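Grab a pencil and work through these exercises with the structure open beside you. Each task is followed by a solution in steps.

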Amino acid sequence: MILILVGFLSGIISGMGIGGGTILIPSLVLFNNIKQQDAQGVNLIVFLPVAITALYTHYKKGNIDFSFAKLIILGGIIGAIIGSFLATSINPLSLRKYFGIFLLLIGAYELFKKKE
Amino acid sequence: MDKKKLKLLFIGLVAGLVNGLFGSGGGTIVVPALVFLMGVNDYKAHATAISIILPLSIISTIIYFTNDSIPFNIAIPVTLGGIIGSFLGAKLLNKIPINILRKIFGSVIIYTAIRMIWK
């Protein structure tokens, strides 16, 4: 039940386009004592059905710029392979700390960004 | 190869690396990169980012899965809640002041980050 609630709350955040993983992964690690890699794996798989639904809606409305997407995906595939193998091979405690540093940067960006 | 193409490949490389390494955050890289480096408008950048992060996340999911880092007993209830939550979030999007929410979100994230580093 707690897990459904955690998913629900992070889903609301990601539905608003703010980034649910930044809430979901720490919640799983800090409150449910799940290994850093496993929490990240959960976030990856949770994203898939939500993203497929969102993508379908955006595609029908013509909001996707494929001219940019193609090359970014190409570079991204190489990055995703390297990043995922790195993640699954480093110590969970180190990965948690690196993740924390990454979160700190995202938080600072959200706080200090102007515009909109 | 021209500069623009190299830029796009590089944005992808960084986004894929981050998304694979942290199992999240690809969109956090792609959206501002499209807006500030390529001049795409904010709304289109969000939509395009999903089309980019989805295939990258599928690749990462496969690699995590082969390394036993996808605990399905946890993933299934979280996904269930996540699907309901994201529908609600998308509906709430135009009804609440998103700027204030972003500031609250930023503060929560910084607090969480510190706990993740010094747990």
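**Exercise 1.** How many residues does the contact take from chain A and from chain B?

*Solution.* Before we start: this is a predicted model, where local features need pLDDT of at least 70, side-chain atom pairs count only at pLDDT 80 or more, and totals for chains, interfaces and linings use all residues. Residues are numbered from 1 along each chain as its sequence is written, and chains are lettered from A in the order in which they are written.

Step 1: two residues are in contact if their C-beta atoms, placed from the backbone, lie within 7 Å. Step 2: chain A gives 79 residues and chain B gives 81 residues. Step 3: on the side of chain A that touches chain B, α4(A) brings the largest share, 20 residues. (Helices are DSSP runs of H or I, at least four residues, numbered from the N terminus.)

**Exercise 2.** Find the contacts of A:Ile72, leaving aside its neighbours within four places in sequence.

*Solution.* Step 1: look across to chain B, where A:Ile72 touches B:Leu8, B:Ile11, B:Gly12, B:Ala15, B:Val30 and B:Ile52. Step 2: A:Ile72, B:Val30 and B:Ile52 are also among the residues with the most contacts inside the largest nonpolar core, which has 62 residues. (Such a core joins buried Ala, Val, Leu, Ile, Met, Phe, Trp, Tyr and Cys residues through C-beta atoms within 7 Å; buried means 20 or more other C-beta atoms within 10 Å of a residue's own.)

**Exercise 3.** Describe the helices of chain B.

*Solution.* Chain B has 5 helices and 0 strands, giving the pattern α-α-α-α-α along the sequence.

Notes:
A residue is buried if 20 or more other C-beta atoms lie within 10 Å of its own, exposed if 12 or fewer, and partly exposed in between; C-beta atoms are placed from the backbone. Helices (H or I, at least four residues) and strands (E, at least two) are DSSP runs, numbered from the N terminus.
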